[in-house]
Amino acid sequence: MSAPTLVSVERIDSPADGVRRVRLAPADGSALPAWSPGAHVELQLPNGLVRQYSLCGDPRDTRGWELAVLREEESRGGSAFLHEELRIGDELLVTAVRDHFGFAVDAPAVVLIAGGIGITPLLPMIVALEDRGVPWTLHYAGRRRERMVALPSLLLRHADRVRVYVSEEGARLDLASVVAEAGERAVFYACGPERLLADVESVVGAAAADRLRLERFRPREAAPGTVDEAFTVELAETGVEVEVPPGRSILEAVRSAGADVASSCEEGTCGSCETVVLDGRPDHRDSVLSELERELGETMMICVSRACGTRLVLEL
C-alpha cells in the first residue's frame, strides 16, 4: 500500500466471547489494496494510538477488510477503544498493510497452529489453501470454546482437517505429535500467545526451523542475562557515525542524527522500522524475523535490536 487509506466502520459484531469483529470499508467507495494471507493493517485510532491488527477476512474481497480484536485484560488503549468506543460509521486511517508471515500457497502441505486470537491471520490462509487445493491441517488451541473465533464454522466446513484442543476440557496440544504427523516437507505457520510460540520454536523449530513461520502479538522476551553494550552505527548514505549507548535504541540514535525512519510499535512486533544491514552482525531482539532471516543478518528491526560487536553499517 503506497498511501494511507481512509476507511469507515461498516459492521461490528462479536464472533466469540471477548472478541469484537470489525469490517472496514473504503470511505470513498473504491476498491481496497490487495493483501496476502497473514497480513496485518496498521490503524491510526482517533485517540492517537497506532495499533496493528491481523486481517481475518477473505483476501479476494476488495470491498472490505475484517479484523477480530480480543479485549485485552491489560489493554494499553487499543483493544479497549475498539471494544468500548468504536461505532459504525466512524472513520479510521489505515497507514500501512504489512506481511511478515511470508505465506506461500505453493507448499506441498501446510500445518497451521493457532492459540486463541492467534487464529485470525490463519483464517485467510485456509481460504487460499482451499482455492489452490493444498493439503492443510489446523491445530487450534484455546481455553474455552466460547472464546475461540470461527470455531463452529471451521468444524462445519473442515471437520476432517481441524484438530481442537480446549484446556477447559482437558485437551492439550502435543507439538511433538504434530511434527511427527506432518511429514518432512510440510510448512508450519503459528500464531498465538508467547507461551505457545516459545513451545513451537522449541519443538517444531528443532525439527523444521527452515519451514517454520511465526507471528507474535507481543514482544519476544529477552534472553536471561541480556546486557546492553555501547556500539557505533554508520549511516551509509551520509557517512555519519552515531554512538548507541546502553539503554538507547538504534532508532532513537539515528533519528537524532537526522535519519528519517518510519516506525510504529517500537517494540519489535510490527516490522515498520526494518532496515538493511550492510556490515556488522545484528543482535536480533525482534518478534518478526524468522530464524533463517536472523542467521542471514541482512535486515534488522532497529527499534529493539542491537549489535553483537562494536559496529554496524546500515542502509540509512
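Predicted model: local features only at pLDDT ≥ 70, side-chain atom pairs only at ≥ 80, totals over all residues.
**Strand S12**

I started with S12, residues 231-235, and checked how much of the strand is covered. Of its 5 residues, 4 are buried, so the rest of the structure largely encloses the strand.

Next I looked up the pairing partners. S13 (residues 240-244) runs antiparallel to S12, and 5 bridges join the two. S18, residues 311-314, also pairs with S12, but that pair is parallel and has 4 bridges.

I then picked Glu-234 and followed its bridges both ways. Its bridge partner in S13 is Glu-241, while in S18 its bridge partner is Val-313.

**Cysteines**

How many disulfides does the count come to? I got 0, so I went to the sulfur distances, keeping in mind that a pair has to lie within 2.5 Å to count.

For Cys-56, the closest cysteine sulfur belongs to Cys-191, and at 12 Å it is too far for a bond. Cys-56 is buried, and I noted a relative accessible area of 10%.

Cys-265 took a second look. Its closest cysteine sulfur is in Cys-270, at 3.6 Å, and this is still too far for a bond. Cys-265 is buried too, with a relative accessible area of 18%; the cut-off for buried is under 20%.

Methods. Residues numbered from 1 in each chain as written. Heavy atoms only, no water. Buried < 20%, exposed > 50% of the residue type's maximum accessible area, 1.4 Å probe, protein only. Pairing = 2+ DSSP bridges.
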